[in-house]
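Hi,

Have a look at it first, then read on whenever you have a moment.

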Amino acid sequence: MSSSIDEPCRAPRADRRERENLMDVQHFERITAFIEARLTPLFDAETGSERGFAMDDTSRALRALRNSVLEASAVKGLIETRATADPLLRKVIDQSVEHHWDVLRGIARQWEDHADFRREFKRHAWELDGTPATATA
């Protein structure tokens with residue numbers, strides 16, 4: 001199949017982003033809730049866990065993971081600021097939000113076989129653009 005120079009081509013990703021909505025804050029809320037639901041029992045003394053608060057390597061790793069999740073999920077202010085930001089700052093915000101999503105996506109995929117895992121947790125940031133998250137009941 002040959003392509004003609006007159007055929008319309010797909011706009012570069014940066015140009016498409018200007019026409020589409022940035023991913024919804026609810027995407028971040030849902031993936032964070034999913035990860036937190038997996039991590040919280042690991043810190044819960046009621047489940048017999050002694051991890052999370054000690055100074056052993058496993059506890060330190062759990063705290064570091066939880067901190068990474070909390071930091072990566074803190075994008076609400078960025079997304080709200082984007083609407084009024086100048087184009088150059090908007091580009092930086094987009095890159096930051098995409099990075100935060102990729103961090104959370106990588107963590108969530110560790111539980112890909114879990115019943116509560118959603119297909120959207122596998123998607124790259126640009127695959128979520130313009131696809132508002134639906135509210136959960």
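Over residues 14-21 the pLDDT stays under 50, and for this stretch the model has 13 contacts beyond four places in sequence. This is a predicted model, so please keep the confidence values beside you as you browse. The chain averages a pLDDT of 80, with 75% of the residues scoring at least 70. Residues 1-12 have a pLDDT below 50, and beyond near neighbours in sequence they make four contacts in the model. Among the helices, confidence is lowest in α1 (residues 13-19), where the mean is 44, and highest in α5, where it is 94.

Now the overall layout. The protein chain has six helices and zero strands, so its pattern along the sequence reads α-α-α-α-α-α. Of its 137 residues, 34% count as buried. Of the contacts with a separation of 6 or more, 62% are between residues 24 or more positions apart.

In soluble globular proteins, nonpolar side chains tend to be buried together. Here the largest nonpolar core has 22 residues, and Met 23, Phe 28, Ile 31, Ile 35, Trp 101, Leu 104 and Ala 108 touch the most other members. At least two residues of this core come from each of α2 (25-43), α3 (57-73), α5 (87-108) and α6 (125-128).

α2 has 19 residues and reaches 26 Å from its first C-alpha to its last, close to the 27 Å expected at 1.5 Å a residue. The helix bends by about 30° at Ala 37, and Pro 41 follows within four residues. At the start of α2, a side-chain oxygen of Asp 24 comes to within 2.8 Å of the backbone nitrogen of Gln 26. The buried residues of α2 include Phe 28, Ile 31 and Ile 35, along with Arg 30, Glu 36 and Arg 38. Its buried residues pack against α3, α4 (76-82), α5 and α6.

α5 should span 32 Å, because it has 22 residues at 1.5 Å a residue; its end C-alpha atoms are 31 Å apart, which agrees. Asp 86 caps the N-terminal end of α5, with a side-chain oxygen 3.1 Å from the backbone nitrogen of Leu 88. Among the buried residues of α5 are Trp 101, Leu 104 and Ala 108, and also Arg 90, Asp 94, Glu 98 and Arg 105.

Is Gly 52 buried or exposed? Its relative accessibility is 0%, so Gly 52 counts as buried. Not counting residues up to four places away in sequence, Gly 52 touches Phe 43, Ser 59, Leu 62 and Arg 63. Gly 52 and Arg 63 are 11 residues apart along the chain, and their C-alpha atoms are separated by 6.0 Å.

Happy browsing, and do write back with any questions.

Best wishes

Methods: Residues numbered from 1 in each chain as written. Heavy atoms only, no water. Core = buried A, V, L, I, M, F, W, Y, C linked by side-chain atoms within 4.5 Å. Buried < 20%, exposed > 50% of the residue type's maximum accessible area, 1.4 Å probe, protein only. Expected span 1.5 Å × (residues − 1). Polar contact = N/O pair within 3.5 Å; in protein donor to acceptor, adjacent residues only side chain to side chain. Bend = angle between axes of the 7 residues up to and from the residue. Contact = heavy atoms within 4.5 Å. pLDDT = per-residue confidence, 0-100.
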